[in-house]
Amino acid sequence: MFAHLSALIGGILTAGWAGSLGCFVGPLIIWLAKKDTMPFVDDQGKEALNFNITVGIIFLALAVLSIMTLGIGLVIAVPAWFIIGIAWLVLSILAAIKANEGVAYRYPLTLRLIK
């Protein structure tokens, strides 16, 4: 549960000055600290980390699109950022609730970069 919630807390705390880098740091710390001793935390920590990396890649791709098109891509990027941001918030809360119940949660459309 804390791996999923740490992404939310980290994202909120670092949103203004560090580009929401905390979204990655929280789940990474929890996963690295507990992966060898707690199999469920290992699974859910990787899941939270993979999801936040996927969202970060999408946000970065939209930013690059906006820059490459000299701002015209913002027509697509701004609504997409808003929709993806809401989905990130809802899915992270849902994952934390499921993990608290002891159910392994799988985020939809997530790249499984960390195995």
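Two rings of Phe, Tyr or Trp count as an aromatic pair if their centres lie within 6.5 Å. The model shown in these close-ups is predicted.

**Figure 1. Two aromatic pairs in the structure.** The structure holds two aromatic pairs. One joins phenylalanine 51 and tyrosine 107. This pair is stacked, with 3.9 Å centre to centre and 5° between the planes. Phenylalanine 51 lies in helix α3 and tyrosine 107 in the segment after α4, so the contact ties together parts that are 56 residues apart in sequence. Phenylalanine 51 is buried, at 5% relative accessible area. Tyrosine 107 is buried as well, at 2% relative accessibility. Tyrosine 107 also pairs with tyrosine 105. Here the geometry is edge-to-face: 5.2 Å centre to centre, 90° between the planes.

**Figure 2. The aromatic cluster of Phe51, Tyr105 and Tyr107.** These three residues form one aromatic cluster. Tyrosine 107 takes part in the stacked pair with phenylalanine 51 and in the edge-to-face pair with tyrosine 105.

**Figure 3. The salt bridge between aspartate 43 and arginine 106.** A search of the whole structure finds four salt bridges. In one of them, aspartate 43 meets arginine 106, with the closest N and O atoms 2.6 Å apart. The pair links distant parts of the chain. Aspartate 43 sits in helix α3 (residues 39-68), and arginine 106 in the segment after α4 (74-100). The two residues are 63 residues apart. Aspartate 43 is partly exposed, at 21% relative accessibility. Arginine 106 is partly exposed too, with a relative accessible area of 41%.

**Figure 4. Glutamate 47 and its two arginine partners.** Glutamate 47 and arginine 106 meet through their side chains in a salt bridge of 3.2 Å, N to O. Glutamate 47 is in helix α3 and arginine 106 in the segment after α4, 59 residues apart. Arginine 112 forms a salt bridge with glutamate 47 as well, and the closest N and O atoms are 3.2 Å apart. Arginine 112 also belongs to the segment after α4, 65 residues from glutamate 47. Glutamate 47 is buried, with a relative accessible area of 3%. Arginine 112 counts as partly exposed, at 32% relative accessibility.

**Figure 5. The salt-bridge network.** Asp43, Glu47, Arg106 and Arg112 are linked in a network of salt bridges. Arginine 106 bonds to aspartate 43 and to glutamate 47. Glutamate 47 in turn reaches arginine 112. Side chains of opposite charge can pair when their charged atoms come close.

**Figure 6. Lysine 35 over tryptophan 31.** Lysine 35 lies over the face of tryptophan 31. The distance from the ring centre is 4.7 Å.

Figure 7. One of its members, isoleucine 83, is found in helix α4. Isoleucine 83 is exposed, because its relative accessible area of 57% is over the 50% cut-off.

Key. Residues are numbered from 1 along each chain as its sequence is written. This is a predicted model: local features need pLDDT of at least 70, side-chain atom pairs count only at pLDDT 80 or more; totals for chains, interfaces and linings use all residues. Side-chain values use heavy atoms; hydrogens and water are left out. Helices (H or I, at least four residues) and strands (E, at least two) are DSSP runs, numbered from the N terminus. Buried means under 20% relative accessible area, exposed over 50%, partly exposed in between (1.4 Å probe, protein chains only). Rings of Phe, Tyr and Trp (its six-membered ring) pair if their centres lie within 6.5 Å; planes under 30 degrees apart count as stacked, over 60 as edge-to-face and the rest as tilted. A charge sits over a ring if NZ of Lys or CZ of Arg is within 6 Å of the ring centre and within 35 degrees of the ring normal.
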